[in-house]
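Trainee: Could you walk me through this model, one feature at a time?
Mentor: Gladly; here it is.

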Amino acid sequence: MIDLSSSESLVSDDIDLSKTVGEIYADDAKMSMRNVNVFYDEKQAIDNVSLDLARNQVTALIGPSGCGKSTFLRCLNRMNDTIPICRVEGDLRLEDEDIYAKKLDPVLLRARVGMVFQKPNPFPKSIYDNVAYGPKIHGLATNKAELDEIVVSSLQRAGLFNEVKDRLDAPGTGLSGGQQQRLCIARTIAVSPEVILMDEPASALDPIATAVIEELIDELREKYTIAIVTHSMQQAARVSQTTAYFHMGKLVEMGKTEQIFTNPVHELTENYITGRFG
Ligand SMILES: Nc1ncnc2c1ncn2[C@@H]1O[C@H](COP(=O)(O)OP(=O)(O)O)[C@@H](O)[C@H]1O
Ligand SMILES: [Mg+2]
């Protein structure tokens, strides 16, 4: 039985955490991360993690609170750059491009690798302007008609257009939580990303809004590569094709979602999915 009183004790001497079990490589990788270490000052939050994000798939990152899921996700579009004490090491690539290369502009990277956060965070602007903002600053439209087209198609792809088409000038913050989150997804889509990162995107939503978001995620993978952090194993099982199980900064096991949830190889993965901790 595992002692829940201290997270340190979860890794006893007889549990091997020295290497990831399962399949970390994808035949058709959109992003490849190798030997990633992340530190907050002296404290190591990610310990030698390597994994691929398979193109046009949803990869779920799961594991107990504090295991490093959000930290790892934020490495993928250099959001950790905004945390002064945070240091990232390793080789991280989008297609074959080193995303930590000196010449690379993180603002452009974040258009290619967009992010949706736990709490919907629309700008204090109209629905239209929330979606138009990114295309404007990145110069993606040459005139108003083109901008309108981007706004409408992004709202459509985010499954929100029909609900808001008569009030595009209304404030985005006036929408329901689930609608706000879809607005944030539309805002992310509007700059034509290749990868979408989602950090517990439905955890602040009610079950109906959650179901809508989950269905949307499944549709979005046709066009985008998606990584989603979730603390809901049911959600991971519903939306993802590949699952990565993190534990205390290490990637313990990765594989096809169905296998991870029905037939995990690592003892820690099994403990987690059977609810013994987490
Ligand atoms: N901004 C930060 N400053 C210092 N430590 C942090 C920061 N963000 C996360 N951490 C630490 O890094 C570890 C991993 O956190 P996090 O990535 O948020 O885990 P998860 O998303 O799996 O809950 C935790 O020990 C957490 O306290
Ligand atoms: Mg987190």
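**Reading the model together**

Mentor: Let us start with a helix pair: the crossing of α3 and α4 is right-handed. A crossing is called left-handed if the near helix is turned anticlockwise from the far one by less than a right angle, and right-handed if clockwise. Helices here are DSSP runs of H or I with at least four residues, strands are runs of E with at least two, and both are numbered from the N terminus.

Trainee: Which residues of α3 and α4 make the contact?
Mentor: From α3 come Y128, V131, A132 and P135, and α4 brings L147, I150, V151, S154 and L155. Two residues are in contact if their C-beta atoms, placed from the backbone, lie within 7 Å. By class, the contact of α3 with α4 has eight nonpolar residues, one polar and no charged. Ala, Val, Leu, Ile, Met, Phe, Trp, Tyr, Cys and Pro count as nonpolar, Asp, Glu, Lys and Arg as charged, and the others, Gly among them, as polar.

Trainee: At what angle do helix α3 and helix α4 pack?
Mentor: In general, two packed helices are described by the angle between their axes and the distance between the axes. For α3 (residues 127-137) and α4 (residues 144-157), the angle is about 115° and the axes are 9 Å apart. The axes are lines fitted to C-alpha atoms, for helices over the stretch in contact, and angles run from 0 to 180 degrees between N-to-C directions.

Trainee: Before going on, what should I know about the source?
Mentor: This is a predicted model, in which local features need pLDDT of at least 70, side-chain atom pairs count only at pLDDT 80 or more, and totals for chains, interfaces and linings use all residues. Residues are numbered from 1 along each chain as its sequence is written, while chains are lettered from A and ligands numbered from 1 in the order in which they are written.

Trainee: What pLDDT does the chain average?
Mentor: The average is 93, and 94% of the residues score at least 70. pLDDT is the predictor's confidence in each residue, from 0 to 100. Where pLDDT is low, the predicted coordinates should not be read in detail. Here pLDDT stays under 50 over residues 1-9, for which the model has seven contacts beyond four places in sequence.

Trainee: Which residues surround ligand 1?
Mentor: A residue is near a molecule if its C-beta atom, placed from the backbone, lies within 6 Å of it. Around ligand 1 are Y40, A45, G63, S65, G66, C67, G68, K69, S70, T71, I83 and I85. The shell has five nonpolar, six polar and one charged residues. Helix α1 (residues 69-75) gives the most to this shell, with three residues. G66 lies in the loop between β4 (58-62) and α1, and its C-alpha is 33 Å from that of L160, 94 residues apart in sequence.

Trainee: Is L73 buried or exposed?
Mentor: A residue is buried if 20 or more other C-beta atoms lie within 10 Å of its own, exposed if 12 or fewer, and partly exposed in between, with C-beta atoms placed from the backbone. L73 has 20 such atoms within 10 Å, so L73 is buried. It is found in helix α1 and touches L61, L197, D199, A227 and V229, not counting residues up to four places away in sequence.

Trainee: And why does T269 count as buried?
Mentor: Because T269 has 24 C-beta neighbours inside 10 Å. T269 sits in helix α10 (residues 267-273). Leaving aside residues up to four places away in sequence, T269 touches Y245, V252, E253, I260 and P264.

Trainee: How should I read a positive phi?
Mentor: Most residues other than glycine have a negative phi. R78 has a positive value near 60°, in the loop between α1 and β5 (86-94). With 19 C-beta neighbours inside 10 Å, R78 counts as partly exposed. For E95, phi is positive and near 55°; this residue lies in the loop between β5 and β6 (97-98). E95 is exposed, because 12 other C-beta atoms lie within 10 Å.
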